[in-house]
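This report goes through one model, element by element. Look at the sequence and the structure first, then read on.

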Amino acid sequence: MSNVRVRFAPSPTGFFHIGSARTALFNWLYARHTDGKFVLRIEDTDAARNTEEALDVLLKGMRWLGMDWDEGPEIGGEYGPYFQSQRGEIYKEYLGKLTEAGRTYEKDGAIFFKLEGERYTEYDEYHKQEMEKVRAAPVEIDDAIRGKVVRAESRDFVIFRADGSPTFHFVNVVDDITMQITHVIRGEDHLSNTSKHVELFNAFGAKPPQFAHLPLILKDPKMGKGKMSKRDKGSLIEEYQERHFLPAAVRNAVALLGWNPGDDREVMDIGEIIEAFDIKDIQKGAARFDEAKMAHINFQYLKELPVETYAWFARPVLTEKGLLEEDHCEDHLQRVLAICQEKITSIEALPEFCGYFFTDDYPVNEKAEKKALKKGNHAELASQVLESLSKVEASGWTVDALDKAFGELAAAHGQEKPFMWWPLTRFAVSGVSSGPDFLPMLEVMGRDMVLRRLEKMAG
RNA sequence: GUCCCGUUCGUCUAGCCAGGCCUAGGACACCGGGUUUUCAUCCCGGCAACAGGGGUUCGAAUCCCCUACGGGAUGCCA
């Protein structure tokens, strides 16, 4: 085990944003890669919006993506509590240290952190007023992604509000010190704040952790400017859960958001990702999230799934849509899925793709109908197929037998191949013009269903 | 305004730190062709980028400077 201790410190808002998930994942990957500890710390100081449900969304999302934490909610750990709302005593104690060192003062009921350096007054263009500023020594941040970043703070800042609650900058630093965090991997929006944090670490006489600031995930320019927000489509992990994406695929896609293994690998199992992951390979530039790529990766995972597992994911989706009885024969389900799995790119599209295997109440696609009927008189063609296929016994209803029956049908009409009957037949039994391979589809459907639907078309 | 960060195909990116192997590679998307006389799969092909300008150098996507653009910070939000 290494001494690496990283943390993910979300504020439960009721959403699990893809950017947060990425930050969590990178921390988790780094912990697993280095055989260190991954700490989950809940920043629930804003009582108004931090509810039980909000925390639940977060924890469920973490687990769904397979990110387990070594210390944190529900499991505890030796550096707890892991909820900021329960760490008041610790914050008071650390405030005392600062006050003792003469680094605080009170103003308007709030407690400020006092910077060291020459003081002067200057008109501030942003605040549109005269303000007291400090010529503090520049702080040097050695960022694992950006390199050396130098930035100087110029104003004292609030660490305890007038209502007595500590601010983000303060609790963040105190928690990182007391939880002995060695690496802080977080979004770039915190890079400018880091000089504040380093000032605080220094004031406490603590060594700042290794920082690594992740590039931001920007929204689609068509949707506006700035970083991706929870209102943007595709930005919430919950959305992928609801759409039945495979968690491993989502995790893989999220890992690729600003990181890559340095070669052409994209679809990787989690062990591979953990092994390859390193902070130095993280991108500097901001990225735009591409849903199409996520879908592609998801499909790659879907194709590789054993049909048993595929059925495990698919069954609830089909049941939800009312296509499948709870106790529907597992073997039959798997036979259907086996011929669909390679053709279909998402679980989400499955009900539409294969619903007709399970119910007679399936929609008829008009375009497919037009296409199928172009081949000739549909009632006539259907009755020809019906006549031919009814000769195949239920016990011998196989691809081979069906192929043979179609062959004989063709021969009887002086055709070399039976393909003129195929589109019509497919349409008659499924209502659409595309789907699984034709003969296997008929075989899996079974004699009764196929003949029944052909009869209907034959009139 | 000030400070900080960034900028390679439409998108994600490799290459940049250690300049020549880059006529800039891969993937997604898109377009075309093929297979499957179904198809959303699969196969083949195509399109398409070093933000701009100066330098340094025999040689720059790679090093330096400037400009432009994008982003972030500048909260008693986190």
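Contact here means heavy atoms within 4.5 Å. The model is a predicted one.

**Two packed helices**

By that rule, W422, T425, R426 and V429 of helix α16 meet F438, L439, M441, L442 and M445 of helix α17. Seven of the residues in this contact are nonpolar, one is polar and one is charged. Two packed helices are described by the angle between their axes and the distance between the axes. For α16 (residues 422–430) and α17 (residues 438–445), the angle is about 35 degrees and the axes are 11 Å apart. The crossing in which α16 passes α17 is left-handed.

**The surface near the RNA**

Helix α16 also takes part in another surface: along with β8 (147–151), α4 (168–178), β13 (287–288) and α9 (291–304), α16 supplies at least two residues of the surface near RNA strand B. Which element gives the most to this surface? Helix α9 does, with five residues.

There are 58 residues around RNA strand B, and R155, R161, K343, S433 and D437 come nearest. The residues of this surface divide into 24 charged, 17 polar and 17 nonpolar.

| Residue | Atom of the residue | Distance to a phosphate oxygen of RNA strand B |
|---|---|---|
| H127 | polar side-chain atom | 2.5 Å |
| F168 | polar backbone atom | 3.2 Å |
| R288 | backbone N or O atom | 3.0 Å |

I274 is found in helix α8 (residues 270–276). How far apart are I274 and L29 in sequence and in space? They are 245 residues apart in sequence, while their C-alpha atoms are 5.6 Å apart in space. Leaving aside neighbours within four places in sequence, I274 is in contact with W28, L29, R32 and H33.

**Confidence in the model**

The model scores ipTM 0.91 and pTM 0.91. Chain A has a mean pLDDT of 89, with 96% of its residues at 70 or more. Within chain A, confidence is highest in strand β2 (residues 37–40), at 97, and lowest in helix α13 (residues 366–373), at a mean of 73. Where pLDDT is low, the predicted coordinates should not be read in detail.

Notes:
Residues numbered from 1 in each chain as written. Chains lettered and ligands numbered in written order. Predicted model: local features only at pLDDT ≥ 70, side-chain atom pairs only at ≥ 80, totals over all residues. Heavy atoms only, no water. pLDDT = per-residue confidence, 0-100. Helix = DSSP H or I, 4+ residues; strand = E, 2+ residues; numbered from the N terminus. Axes fitted to C-alpha atoms, helices over the stretch in contact; angles between N-to-C directions. Left-handed = near helix turned anticlockwise from the far one by under 90°. Nonpolar A, V, L, I, M, F, W, Y, C, P; charged D, E, K, R; others polar. Near = heavy atom within 4 Å. Polar contact = N/O pair within 3.5 Å; in protein donor to acceptor, adjacent residues only side chain to side chain.
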